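Here are my notes on the model, point by point. Have it open beside you while you read.

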Amino acid sequence: MNQDQLQALLTKVQQGALAVPDALHRLRTLPYENLGFASLDHHRALRQGFPEVIFCEGKTVSQVVAIAKTLLRKNNALLATRVEPSVARALLRVSKRAVYHEAARVVAIAPPKLVRRGAVLIVTAGTADIPVAEEARVTADIMGSKTDTLYDVGVAGLHRLLGQQERLHDARALIVVAGMDGVLPSVVGGLVRQPVIAVPTSRGYGAHFGGLAALLTMLNSCAAGVGVMNIDNGFGAGCLAHRINMVGEERCGSRGKNGVGPRPGRDRKSQCADRGSPGCQASAAQRSGLERRGSGGLFTILLSFTTNLPRLGHDNICVRWPFSPLLSNLTRTSYS
């Protein structure tokens, strides 16, 4: 149940069109609903603006379908990630509005009359990074952000990126997805003043260690204003970019192309004066708490081929205990 639905229900009670006992019956599962194998947070749309998201990996088809049907009884939107084709076929039978985004492995049901605002740009280093980027794009799109993409502009051909700088500057928030060496977010972060959300992918050869090399590169970025997601976490990047985008939309309104304020060297009279900030994007980044994590030399990685140490998702990578707080932050989730 979202804010509009709750307001409509309370208005009916106020006008006498709905009896109080009937209203209580509809609200009895508002905080959460226990299905036995899942406790669904029906209050999340009120708190965060979008219903609980289904992480399908590790769940059976019947569990995913049951969760989806229950969420749709209370909400007019749905997002399911890491969706295999068999699960997608089942979800498409749940609602005629459901759309399967195969590249992103996402099934989405957009809210009726969804108005997309602001500007989020998703950038990839290579074509192999597109699946993670598409998960981020679909996430931000269904939550209500205008999205655009700029794919395959990695540092091996830097002129491809430099020729698109206008598009970089016109975005309110940027998601930069890269595997291999993971350098692209630092390059983009050095070109723009908007917040940059870096997403390492598991694409790469041997010493790439399934995305760990790109992750550590991004955590040690020397560019200011770069935040880092977990490996392959396109959903988390899309969600964060949308929230940053909406902060700019709500606090500063639409100014300039795509609702973005003037860039350095342009007319600054209309820029947001919130807390003395020089611009909308800067204050949005400050309010969101987006900051670059990590400092070299504080942690020790033990690369081992044994099986008796904690794993980081790959058989040949083990991480000593000082990494625990970092890994806890990187793996936080709001999934079902």
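1. Let's begin with helix α6, residues 130-143, which lies across β4, β5 and β6. Its direction runs at about 10° to that of β6. Keep in mind throughout that this is a predicted model.

2. Four strands make an open sheet in the order β3-β4-β6-β5, and the pairing is mixed. At the edges sit β3 (54-55) and β5 (99-101), each of which pairs on one side only.

3. Helix α5 (residues 85-94) also packs on this sheet, with contacts to β4 (78-81), β5 and β6. The angle between the directions of α5 and β5 is about 160°.

4. Now the β5 side of β6. The two strands are antiparallel, with three bridges between them, and β6 covers residues 106-109.

5. Are the two faces of β6 covered or open? Both are covered. In a regular strand, side chains alternate between the two faces of the sheet. In β6, Val106 and Ala108 are on one side, Val107 and Ile109 are on the other, and all of them are buried.

6. Next, the nonpolar cores. The largest one has 25 residues, and Val123, Leu168, Leu184 and Val188 have the most contacts inside it. At least two residues of this core come from each of β7 (117-124), β9 (173-178), α9 (184-189), β10 (196-200), α10 (212-219) and β11 (226-228). The largest share, four residues, is supplied by α10.

7. Which residues does leucine 168 touch, leaving aside those up to four places away in sequence? The list is Leu121, Val123, Leu150, Leu161, Leu174, Leu191, Val192 and Gln194. Val123 on that list is also, like leucine 168, one of the residues with the most contacts inside the largest core.

Terms used. Residues numbered from 1 in each chain as written. Predicted model: local features only at pLDDT ≥ 70, side-chain atom pairs only at ≥ 80, totals over all residues. Heavy atoms only, no water. Pairing = 2+ DSSP bridges. Contact = heavy atoms within 4.5 Å. Axes fitted to C-alpha atoms, helices over the stretch in contact; angles between N-to-C directions. Core = buried A, V, L, I, M, F, W, Y, C linked by side-chain atoms within 4.5 Å. Buried < 20%, exposed > 50% of the residue type's maximum accessible area, 1.4 Å probe, protein only.
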